[in-house]
Amino acid sequence: MRAILLGLVLLGPQLIAQPQKTLLNHDDDAFEKMIGVQDYGRLSARLAAVNTDIQRRGLHDFPESKEKMLTGYEYGEFYDWDLYFENIYLSYYGVNKYDFTNFKVFLDRQEPDGFISRTIGIKYPKPNQMFKPFLAQIAVLGSKQNGDDYEWLRGNYYTRLQRYLQRWFEYDHDHNGLPVWNSSDASGMDNQLSRSGNLDASEDEGVDLACYLVRELRAMAIIAAKLGDASGRKIYSEHADRLAKVINRVFWDEKDGFYYDRNERTGQRIRVKSVAGFMPLWAGVASRKQAARLVHNHLLNKDEFWLKYPVASYARTEPDFYQGSRTGECNWRGPVWVPLNYMIFHGLLNYGYKDSAKELAVKSFKMALDLNANTREYYDSDTGKGDGMDPFWGWSALAYVMPLDYANSYDPMDLTGEVKPLLKNQLGIEF
């Protein structure tokens with residue numbers, strides 16, 4: 001077994017030479033074999049560039065925080081699910097303090113009815129759009145890296161999380177157990193208007209939203225157990241189980257073998273094939289039979305989602321599918337968005353589709369590293385060309401760790417698993 005030598009550390013905005021580490025672990029050999037010797041050698045420089053941008057452009061002072069706050073956007077707006085994925089990336093270096101900084105400011109701004117806006121800042125205020133269901137998952141991610149200590153949540157923040165989760169289920173106007181998105185903008189898939197509607201439409205029972213809530217409920221059950229709230233643990237765990245059943249009853253279309261959203265006002269399925277339809281793989285709510293149809297008939301379908309650079313955010317068969325950006329918009333009607341690839345990749349692994357997961361990991365990695373001089377906000381699913389912010393240091397950095405996860409059978413999103421600083425431990429790279 002041959003030794004691989006790497007060694008870069010980011011301290012502040014500068015790269016500092018460090019003693020090189022000798023890597024002798026078989027997992028490192030598997031990782032190198034997946035991505036190739038040349039890309040293995042290039043990876044350190046790319047990660048150093050990402051980390052330099054985080055340090056210089058992604059950490060901002062904010063009046064309500066004693067610590068710097070984290071964002072993938074230089075203009076200083078702080079977003080909801082971005083924070084989850086940005087902190088997952090930092091966890092590969094053993095960095096967890098930004099799990100707490102933004103989190104506390106968001107919760108401290110909670111309104112009396114439990115509402116928490118999904119943004120903080122002045123450029124893009126969202127006064128009617130809730131923080132997507134990732135707050136409890138962020139709390140678990142940070143706590144597991146902090147000695148499995150959940151005491152910081154006891155009292156104030158635990159109560160706020162409970163009110164926040166309760167508020168989400170108050171967006172269920174027909175009381176079928178499924179809340180609605182405010183709009184496509186609120187869903188984070190900004191321009192999927194044919195699926196989730198215009199601003200304040202509040203009619204789309206999103207399969208993605210329901211899956212995020214399943215995971216959020218399971219995260220809350222963990223928090224409740226850690227804080228000694230046995231009744232809370234039972235309530236959240238049972239709610240998650242019920243919601244999973246509702247997802248399969250309401251969203252699953254047996255004829256098409258796909259999960260479609262539902263229009264709460266009409267009661268009809270919204271027959272738009274979006275990447276959101278694969279979230280039941282990530283949340284673990286699909287049956288084995290459902291997963292097989294979803295993967296083979298749709299995900300791996302080269303006429304729908306498995307384009308040259310998967311996964312397309314819309315099926316190519318959708319009439320409003322397009323690539324690129326027409327007026328500077330963030331386009332979710334065709335291009336690849338890395339965090340969704342990351343979620344689907346881990347969903348594939350969880351259901352035993354190792355070959356497809358490996359292919360997705362390698363294609364995502366090489367798309368980001370080989371085809372683009374900088375990390376980009378999103379990518380063309382036909383050409384791999386980056387679009388949006390240039391450079392970008394937010395959630396797209398997860399493309400670089402997908403093969404590492406595969407080689408190590410590792411998932412930092414596993415709510416009951418360990419969070420490991422793999423980039424630090426295996427490649428000798430520190431943040």
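**Entry 1: phenylalanine 31**

I looked up phenylalanine 31 and found it buried, because its relative accessibility is 0%; buried means under 20% relative accessible area, with a 1.4 Å probe and protein chains only. The model is a predicted one, in which local features need pLDDT of at least 70, side-chain atom pairs count only at pLDDT 80 or more, and totals for chains, interfaces and linings use all residues. Residues are numbered from 1 along each chain as its sequence is written, and side-chain values use heavy atoms, with hydrogens and water left out.

I placed phenylalanine 31 in helix H1 (residues 26-35); helices are DSSP runs (H or I) of at least four residues, numbered from the N terminus. Setting aside neighbours within four places in sequence, I listed its contacts (heavy atoms within 4.5 Å): they include Tyr40, Leu43, Tyr400 and Leu427. The C-alpha atoms of phenylalanine 31 and tyrosine 400 are 11 Å apart, although 369 residues separate the two along the chain.

**Entry 2: helix H4**

I next examined H4 (residues 98-108), where nine of the eleven residues are buried, so the helix is largely enclosed by the rest of the structure. Among the buried residues I noted Tyr98, Asp99, Asn102 and Phe103.

**Entry 3: nonpolar cores**

I then turned to the nonpolar cores, sets of buried Ala, Val, Leu, Ile, Met, Phe, Trp, Tyr and Cys residues joined through side-chain atoms within 4.5 Å. The largest has 147 residues, and Phe85 and Phe103 are among those with the most contacts inside it. Helix H9 (residues 207-226) supplies the largest share of this core, 14 residues. Apart from it I found another core, of six residues, including Val272 and Tyr314.

Terms used:
Buried < 20%, exposed > 50% of the residue type's maximum accessible area, 1.4 Å probe, protein only. Helix = DSSP H or I, 4+ residues; strand = E, 2+ residues; numbered from the N terminus.
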